Amino acid sequence: MVDEQRRIEVAVLVCPDYAPVDVVGFHAVMASMPGVNVHLVWKNLDEFLGYGGFPGRATTTFADCPADLDVLLVGATPTELLEDSETLAFLADRGARAGWVAGVCEGSLVLGAAGLLRGYRATTNFHFYDELNWFGAKTVETPNVVEDRNRITAGPATGCIEIALRLVQVFFGDEVARQTELNAEYAPRPLFGVGTPALAGPELTRRTLAESHGWTQAVTAGARRAADRLEASAAV
């Protein structure tokens, strides 16, 4: 529980071609809480398009983002952010002091590239379990949300809401978190029940991986280069 007189500072990374599905639910939950400032952070305040043409802009630049955050969250971003020195430096700086560091989907790889998951249990999109290990994380394939000390990571989409509900519990207590879950009517009932490789079975999983090969190959290549640079810098 936090001091009711203190503002809770939360930063969510956004950028051109980021995945809104990985952050919007988190933003909605956290911004509904009293005394919470949610900053959508990027290099500048220019308008941009997220994945699928979703329009948006940051509310706070890297330079103006509070130095000491209660929460720093990253969802899936374009592959090039794994190698964007300005973004990784910002995340490393704020994440080193943040009360909680959170990653959703491929955002966990970005946190890893910033050096924020070394030695922590963490998870990501099922496409990138092996790649997450390259950053010194200890990949956990289940459950959807993995918490290790002040690191909390999840798979895509609904994972951002589950992280938010957990942090509402941390900051405001069990009863507020329970009421928040009820107000949101958060009770997922998936249409097909195939939302994990284990549920989908080997054939559907194989086809899905094959059809997304171009995307995953690009992310894997970027993650490999980012992990090699991180390792090299740590050895200096």
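A pocket, on a 1 Å grid over the protein atoms alone, is an open set of points where a 1.4 Å probe fits, with protein on both sides within 12 Å along at least five of seven lines; lining residues have an atom within 4 Å of a point. A volume is the space filled by probe spheres set on the points, which are joined across faces, edges and corners. The model is predicted: local features need pLDDT of at least 70, side-chain atom pairs count only at pLDDT 80 or more, and totals for chains, interfaces and linings use all residues. Residues are numbered from 1 along each chain as its sequence is written, and side-chain values use heavy atoms, with hydrogens and water left out.

**View 1. The largest pocket holds about 770 Å³ of space.** Its lining has 29 residues, and Phe 126, Pro 156, Gly 195, Thr 196 and Pro 197 lie nearest the centre. At least two lining residues come from each of helix 5 (158–172), helix 7 (197–200) and helix 8 (202–211); helices are DSSP runs of H or I, at least four residues, numbered from the N terminus.

**View 2. The second largest pocket has a volume of about 300 Å³.** Nearest its centre, among 17 lining residues, are Ala 19, Tyr 51, Ala 76, Thr 77 and Trp 215.

**View 3. Helix 5 has 15 residues, and its end C-alpha atoms are 21 Å apart.** Buried residues (under 20% relative accessible area, 1.4 Å probe, protein chains only) of helix 5 include Ile 163, Leu 167 and Phe 171. Gly 173, with a positive phi near 100 degrees, follows helix 5.

Key: The expected span of a helix is 1.5 Å times one less than its number of residues. Buried means under 20% relative accessible area, exposed over 50%, partly exposed in between (1.4 Å probe, protein chains only).
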